[in-house]
Amino acid sequence: MTSAWVYQSNRFFTDDEALLIQNRLADFAAGWKVHGEPLSAQAEVRYNLFIVLSVDEQIAAASGCSIDSSVRFLKTLEADFDIQLFDRMNVAFKKEGQLNAASRSEFENLVKDGQIDDTTVVFDNTITSLASLTDKWQIPFGESWHKRVFG
């Protein structure tokens, strides 16, 4: 299994920022280690809003120390690009095919105003496997944890 961690920014990256971040992610993934041994890791920017880290657990599993190192690295990105990656209440959703990001309160208001319905696609950043990015990351609001929290 390939484990994955999804971090959503509080704002979209510019194309230039996304390229810089992607280059730094590639360097980080290439050097990411667990107990001194390299991890089979990948890291990428998606949609100029998300950072996805993944590790092939069949080769070596990420442990507490290696996860701590990824958090430290992501904190440097936060500082260098003036972004927030650890606020799990930022919500991404698609409206009329357009990707949008909202704070918790903004999203709550959109739900209350009926602008978000059960068919609105939301991003579930709590997924834990790379395979889930394909079929469980983008799901209808009505089938998501968002419905329980905001519905």
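I take buried to mean under 20% relative accessible area, exposed over 50%, and partly exposed in between, with a 1.4 Å probe and protein chains only. F123 is buried by that cut-off, because its relative accessible area is 2%.

**Entry 1: ground rules.** I am working with a predicted model, where local features need pLDDT of at least 70, side-chain atom pairs count only at pLDDT 80 or more, and totals for chains, interfaces and linings use all residues. Residues are numbered from 1 along each chain as its sequence is written, and side-chain values use heavy atoms, with hydrogens and water left out.

**Entry 2: aromatic pairs.** I counted rings of Phe, Tyr and Trp (its six-membered ring) as a pair if their centres lie within 6.5 Å; planes under 30 degrees apart are stacked, over 60 edge-to-face, and the rest tilted. The count by this rule is 14 aromatic pairs. I looked up Y7 and F86: their ring centres are 5.4 Å apart and the planes stand at 65°, so this pair is edge-to-face. Helices (H or I, at least four residues) and strands (E, at least two) are DSSP runs, numbered from the N terminus. Y7 is in strand β1 (residues 2-8) and F86 in the loop between α2 (64-81) and β6 (91-95), so the pair ties together parts 79 residues apart in sequence. Y7 is buried at 6% relative accessible area, while F86 is partly exposed at 30%.

**Entry 3: a further pair.** I then checked Y47 and F123, which form an edge-to-face pair because their centres are 6.1 Å apart and their planes at 75°. Y47 sits in the loop between β4 (41-46) and β5 (50-56), F123 in strand β8 (residues 121-123), and 76 residues separate them. Y47 is partly exposed at 43% relative accessibility. I also noted a cluster in which ring pairs link F93, F107, F141, W145 and F150.

**Entry 4: a charge over a ring.** My rule asks for NZ of Lys or CZ of Arg within 6 Å of the ring centre and within 35 degrees of the ring normal. R88 lies over the face of Y7, 5.5 Å from the ring centre.

**Entry 5: nonpolar cores.** A core here is a set of buried Ala, Val, Leu, Ile, Met, Phe, Trp, Tyr and Cys residues joined through side-chain atoms within 4.5 Å. The largest has 22 residues, of which I21, L25, I51, L53, L74 and L77 touch the most other members. α1 (15-31), β4, β5 and α2 each supply at least two residues of this core, and α1 gives the largest share, five residues. A second, separate core of twelve residues includes V91, F93, V122 and W145.
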